[in-house]
Amino acid sequence: MTLHEDKPILLLVDDEATNLQVLRQILQDDYRLLYAKDGEKALELAQNNPVELILLDIMMPAMTGYEVCRQLKAMPLTASIPVIFVTALCDVKDEADGFDAGAVDYITKPVSPPIVRARVRTHLSLVDAEELRRSRLQVIQTLGQAAEYKDNETGMHVIRMSYYARQLALAAGYSAGRAEDLLNAAPMHDVGKIGIPDAILQKPGKLDADEWKVMRSHAEIGAAIIGEHAGGLLKMARTIALTHHEKWDGSGYPHGLKGEEIPHEGRIVAIADVFDALTSERPYKPAWTVPDAIATMQRDSGTHFDPALLALFIEQLPAMLEIKDQWREPA
């Protein structure tokens, strides 16, 4: 691949050739450029090329920039492409209409070359940051699913229990952002099972004392795989991997933490994980009914589970069952 081919692709849309020429002079050294003089051509180019950002005029014949932007945002292939309006319209209402249509920014004509370059760089860097975030989450989810497949689970288990955990976290007062972090960290809860021998992990019968000791080590193996982090999503993922088998009465593992010594996110994931395990079919057992699972978990309130969190979980059961149905096992 040449350096030229590595440059981001921008789509410039304006019905006036002179305006396209101005933008070309400003941007041609740093980007690959596509051009459209009407909305129909712009939509065609955006759908058929890996466009990373669009500079779009508003006042065009046949189809206005607002209409083009709305159509771009309505199509899955183009919805995530940032659109910057470049226009002579400078009213507050015009800007508001542009943002309502889905634009991320607004540059007024006549354009200033330094402003155009700066705005384009800024929004491309935001695209890169979002792509990095998505890639990181995909890696985390893939590792979580790898652990479940090794344990004869399905990938649906980590998805369901993660959504259960988020729903319970929101009910417990988490902010939307922190609950989203929990959703994305929870799939790593059993990643340490990657380090457990198959002969133990997939043994059809009951484990003996030595085998059970090895099995219980998966919590600490998972924490070691994720590693130490100062904060953020991976710190939460490590905490969950290490503590989701602790029990409210102190009888859990690996450290025998008791009550509120157990990190809150570990207590949440313990409930979400057990509920999904009980209500899902496994090679070694049929799925329990929801009433039977809830009855068993209620008996373990105050021993295995945080009583207040379990009560919240049961209050949220209609939402949990919607999640269960949405992410049910494939037929």
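**Overall make-up.** I'm working from a predicted model here. Of the 331 residues in the chain, 43% are buried. I then looked up the contacts between residues with a separation of 6 or more, and 58% of them join residues 24 or more positions apart. The accessible surface came out at about 16600 Å², with 55% of that belonging to carbon and sulfur atoms.

**The sheet.** Next I traced the strands. Five of them form an open sheet, and the order I wrote down is β2-β1-β3-β4-β5, with parallel pairing. The edges are β2 (32-36) and β5 (105-108); each has a single partner strand, so one side of each is left without a neighbour in the sheet. On average, neighbouring strands in this sheet are turned by 20° against each other, ignoring direction. A reminder to myself: strands of a sheet pair through backbone hydrogen bonds, either parallel or antiparallel.

Opposite Val13 I found Leu56 in β3.

**Helices on the sheet.** Which strands does helix α2 lie across? Helix α2 (residues 17-27) covers β1, β2 and β3, and runs at about 160° to β1. Helix α4 (residues 65-74) lies across β3, β4 (83-87) and β5, at about 175° to β4.

**Salt bridges.** I got 13 of them for the structure.

Lys109 and Asp14 meet through their side chains at 2.7 Å, N to O. This pair links distant parts of the chain: Lys109 sits in the loop between β5 and α6 (113-150), Asp14 in the loop between β1 and α2, and they are 95 residues apart. Is Asp14 buried or exposed? Asp14 is buried, because its relative accessible area is 2% and the limit for buried is under 20%. Lys109 has 22% relative accessibility, so I put it down as partly exposed.

The second bridge joins Glu44 and Lys41, at 3.7 Å from N to O. Both residues lie in helix α3 (residues 39-48), three residues apart, which is about one turn of the helix. Both ends are partly exposed: Glu44 has a relative accessible area of 41%, and Lys41 has 34%.

For the third, I checked Arg238 and Glu228, whose closest N and O atoms are 3.3 Å apart. Arg238 belongs to helix α12 (residues 232-243), while Glu228 is in the loop between α11 and α12, ten residues apart from it. Arg238 is partly exposed at 23%, whereas Glu228 is exposed at 66%. I also noted a network: salt bridges that share partners join Asp14, Asp57 and Lys109.

**Surface notes.** Which residues form a nonpolar patch on the surface? I found Leu143, Ile194 and Ile225, with about 220 Å² of accessible area together. Ile225 is in helix α11 (residues 218-226), and at 42% relative accessibility it counts as partly exposed.

My last stop was Pro291, in helix α14 (residues 290-299). Pro291 has 59% relative accessibility and the cut-off for exposed is over 50%, so I noted it as exposed.

Definitions and conventions. Residues numbered from 1 in each chain as written. Predicted model: local features only at pLDDT ≥ 70, side-chain atom pairs only at ≥ 80, totals over all residues. Heavy atoms only, no water. Pairing = 2+ DSSP bridges. Helix = DSSP H or I, 4+ residues; strand = E, 2+ residues; numbered from the N terminus. Axes fitted to C-alpha atoms, helices over the stretch in contact; angles between N-to-C directions. Contact = heavy atoms within 4.5 Å. Patch = residues over 30% accessible without salt bridge, like charges linked within 9 Å, V, L, I, M, F, W, Y side chains within 5 Å. Areas by Shrake-Rupley, 256 points an atom, 1.4 Å probe, with all protein chains shown as cover. Salt bridge = Lys/Arg side-chain N within 4 Å of Asp/Glu carboxyl O. Buried < 20%, exposed > 50% of the residue type's maximum accessible area, 1.4 Å probe, protein only.
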